[in-house]
Amino acid sequence: MTPTSATRRLGAIPAALLVIVACWEIVATRCQATSVPGDDAWHDAAAYVRGKWQPGDLIVFAPGWIDPVGRLHLGDLIPVETAARMSAAKYARIWELSIRGATAPDVAGLSPVEERPGPVVVRRFEQKPAEVVGDLLSVAAGRVDVVEAGFEPHRCLVIAVPPARPYLARLFELLDRVDDQVRTKLMRGFSRLLPELPSAYVGKDDRDGKWVTVKQMPLGSTLAGALGIADVFTRRDERRDVALRVEIDRKPVVETVAPIDRWVPFRAATTAGDHELRFRLRWEANAGELPPAKSVCVNLEAWR
Amino acid sequence: MTPSLAQRIGYRTIGVFLAVLTTLLVLANQQEVGLARDELVYMSSGSQYAKWWRNALSGGEGTSAKEITKTWGGPSPTDNNREHPPLIKTAMGFSKLVLSDWFGVDETTAYRFPSAVLHGVLVLLVFLFALELFGFAEAAMSALLVMLLPRALFHAGLACFDAPIMTLWFATVYAYWKAIDGRKWPWLVGIVFGLALATKHTALLLPIALGVHYVVAGVRDRGLGFLGYRWRVIVSMLVLAPLTFVALWPWLWFDTVDHVRDWLTFHLTHVHYNFEYLGDNWNAPAFPWHVALVTTLFTVPVATLVASVLGACSWIAQRARFDGRMPGLLLVLSAAASIGPFFLGSTPIFGAEKHWMPALPSLCIAAGVGAVWAARTLASLVPSLHKAIAGTACTVVVLAALVETITAQPYALTWYNAAAGEAPGGADRGMNRQFWGVAARGVLPVLKQDATAKKTPVYTHDAAPAWGTYLRRGGLPATMPDAGHEEAGITASQYALVIHEKHFNRHDYLVWKLYGTVQPMFVLRSHGVPIVSLYKRPKKP
């Protein structure tokens with residue numbers, strides 16, 4: 001073989017690679033673009049689930065982006081409260097409809113007791129459900145709503161949390177000591193330097209974060225909860241984390257942090273019976289800043 | 001020697017044919033593309049601008065500062081869309097006047113026509129540049145690969161600036177390259193750069209590419225006296241470009257410095273819209289450094305990408321054949337100036353590839369060179385089948401781009417290439433699904449079919465700006481008006497549509513809450529990937 005032809009043959013490798021890639025792309029494009037099952041497959045899978053579905057069953061879809069199609073076919077079996085659940089722990093039976101080999105996070109760690117293969121794979125999972133003995137949403141005062149937190153739907157207690165301002169602590173002590181008339185004058189004077197003062201001067205209990213107290217919360221062996229900062233636009237404009245501290249009978253049991261865009265679950269061991277439960281949500285603003293209160297979505301359940 | 005078919009037709013004629021074909025392709029494709037949120041603003045401003053020019057040129061009132069402000073400016077940074085230069089909007093306005101008002105072409109097509117024509121011009125310019133540097137085969141391949149860029153084809157069909165600036169950016173690069181051949185009057189480069197400035201602010205990055213190239217070429221030619229290398233080009237760009245720019249933008253005819261400062265400040269302090277990338281929602285810096293790289297790798301046909309790598313290598317190997325004007329360096333610098341800012345982590349990423357599309361002509365010229373090099377290399381192994389092998393190799397590369405382009409439309413913002421796994425792969429990877437509410441058009445037939453004589457307002461979500469146009473142009477019956485914004489709008493509505501983007505999930509949840517159901521009546525999909533959900537308020541039990 002002459003060097004020229006050897007070089008030419010060597011050069012042919014990347015050239016052939018290009019042709020191979022192009023041929024692959026022609027085929028792969030069509031295959032991949034048609035790889036998602038259509039409505040017929042969903043209809044069959046949905047009919048199968050409907051035949052065996054029982055009230056109280058949870059239905060989930062994987063991957064997450066196919067959720068609208070899943071709800072199109074089985075949405076009538078999914079109440080809003082279920083779609084906006086805190087977690088899947090309290091459901092004894094979970095149906096997962098999955099495409100492209102995906103798995104829903106709700107069934108992580110569980111093994112299917114039933115599986116129907118097909119373009120839309122149906123799996124049924126069973127678990128010992130968490131028995132809820134106490135629920136923050138039914139005992140706490142405040143706004144219970146379905147909101148977006150961590151880009152997921154969550155039914156929760158929505159709490160407006162203004163920023164804590166520890167640098168004002170001494171000034172607050174001073175203002176607490178004087179009478180109303182003097183306080184008003186002082187506030188007016190100081191607020192020229194510290195425009196945040198009028199909104200920051202709140203009751204003593206809420207100066208170091210927003211506290212929510214439930215005097216008698218029935219507890220079991222586990223306290224499960226989750227939190228997230230609601231509303232994507234608020235999160236864009238004010239990006240600081242929110243810290244959570246949960247106390248039972250004034251003893252801390254959970255300390256965690258919710259960064260923006262995340263739904264943060266947590267658990268703590270508890271002793272059964274009625275207890276005082278309180279929690280604090282806290283974030284700090286700096287001097288001179290006037291950010292709006294953060295809207296924080298919190299849920300807590302006591303499991304037997 | 002018998003002349004080839006291409007020689008007989010004439011290379012330039014073929015280039016023009018490809019340009020016309022591209023324009024027709026864009027115009028045909030946009031028929032299926034819904035109205036983008038921003039388009040409505042540009043269309044309305046464009047008509048205003050065109051009206052003003054007609055009035056001014058016919059000697060009517062309108063050229064006083066007060067009158068100009070009424071059409072072109074105002075106290076707020078976005079009054080009369082003064083945050084964007086006017087060239088393309090003005091062209092849209094005239095296009096609408098001529099094509100729609102005089103010749104009855106549908107209004108949307110008329111507004112989108114200038115962008116489509118400019119995309120054709122881009123194909124022609126790429127063809128001509130590659131023809132001068134290499135030959136017909138490379139020119140034709142480069143032009144075809146530009147024509148068959150799925151996302152670029154989509155953007156070219158919108159009444160926006162992203163495709164036009166790609167053309168005018170490249171036109172400036174080409175004009176500069178021609179200008180540095182030593183000609184005495186390089187006036188064209190200054191004017192074309194002025195047109196680019198009058199198209200989109202990103203043209204301000206061009207001098208970085210051209211400046212570096214000028215210094216390198218100048219130093220090679222003149223050493224330390226590089227400034228005198230082709231000094232007339234500098235004069236042309238410094239004098240004719242601003243003159244052209246200002247001449248086309250009446251808002252700059254008074255308080256010029258203030259108005260230019262306002263224009264630039266708007267873009268330097270632009271709000272960061274939400275954008276999904278690799279599963280996360282990004283709406284504030286610091287953005288990942290690799291956004292532009294990964295997005296480009298996922299939104300250009302794979303064969304085109306591979307061909308561009310081969311082309312770059314081939315180009316380097318034969319660099320000695322080019323003159324001192326260093327076209328390879330120029331194209332690299334052009335692409336780098338366009339895409340480079342997106343590696344900083346602070347440049348807004350919300351428009352993804354549309355913001356760095358001026359990098360694509362460089363990539364496609366390299367791809368054209370690479371594809372032809374590969375074809376010739378393979379063909380040389382079997383000389384007896386030379387033409388057949390070379391032709392087949394080039395054809396499969398073009399076919400790959402063609403298949404991707406056909407697959408991508410009309411929801412090209414949801415499309416990703418085969419390496420990403422197409423639209424479903426893009427969704428798996430958490431790549432941005434879409435923006436601008438374009439896809440809403442796909443649910444109009446479903447709504448129309450469900451319409452009754454009773455008034456049933458629609459929560460139109462991100463399609464709200466386009467809704468009036470959809471109603472006016474017969475896409476929907478008048479009984480389905482826009483219900484309004486956010487919770488109040490959903491509460492007043494009988495139908496609700498939610499356009500699927502990660503940060504729009506909350507609209508789904510608002511609808512669930514207020515309709516009492518999570519079940520949509522219809523889900524519009526692109527290759528199986530949900531892009532719009534349509535809900536109907538359930539009847540009260």
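This is a predicted model: local features need pLDDT of at least 70, side-chain atom pairs count only at pLDDT 80 or more; totals for chains, interfaces and linings use all residues.

Mentor: Residues are numbered from 1 along each chain as its sequence is written, and chains are lettered from A and ligands numbered from 1 in the order in which they are written.

Trainee: What makes Ile88(B) count as buried?
Mentor: A residue is buried if 20 or more other C-beta atoms, placed from the backbone, lie within 10 Å of its own, exposed if 12 or fewer, and partly exposed in between. Ile88(B) has 27 C-beta neighbours inside 10 Å, and therefore it counts as buried.

Trainee: Where does Ile88(B) sit, and which residues does Ile88(B) touch?
Mentor: Ile88(B) belongs to helix 5 (residues 87–102) of chain B, helices (H or I, at least four residues) and strands (E, at least two) being DSSP runs numbered from the N terminus. Contact requires C-beta atoms, placed from the backbone, within 7 Å; leaving aside residues up to four places away in sequence, Ile88(B) touches Pro114(B), Ser115(B), Phe161(B), Pro164(B) and Thr199(B). Although Pro164(B) is 76 residues apart from Ile88(B) along the chain, their C-alpha atoms are separated by 7.5 Å.

Trainee: Why is helix 15 of chain B called oblique to helix 18 of chain B?
Mentor: Helix 15 (residues 302–317) and helix 18 (residues 386–408) of chain B pack at an angle of about 135°, with their axes 8 Å apart. The axes are lines fitted to C-alpha atoms, for helices over the stretch in contact, and angles run from 0 to 180 degrees between N-to-C directions. Angles under 35 degrees count as roughly parallel, over 145 as roughly antiparallel, 65 to 115 as roughly perpendicular and the rest as oblique, so helix 15 of chain B is oblique to helix 18 of chain B. In this contact, Ala303(B), Thr304(B) and Ala307(B) of helix 15 meet Val397(B), Ala400(B) and Ala401(B) of helix 18.

Trainee: What makes strand 8 and strand 11 of chain A edge strands?
Mentor: Four strands of chain A form an open, antiparallel sheet in the order 8-13-10-11, where pairing requires that DSSP finds at least two bridges between two strands. Strand 8 (210–219) and strand 11 (251–258) each have a single partner strand, so one side of each is left without a neighbour in the sheet. Strand 10 (residues 242–248) of chain A pairs with strand 11 over 7 bridges.

Note on methods
Two residues are in contact if their C-beta atoms, placed from the backbone, lie within 7 Å.
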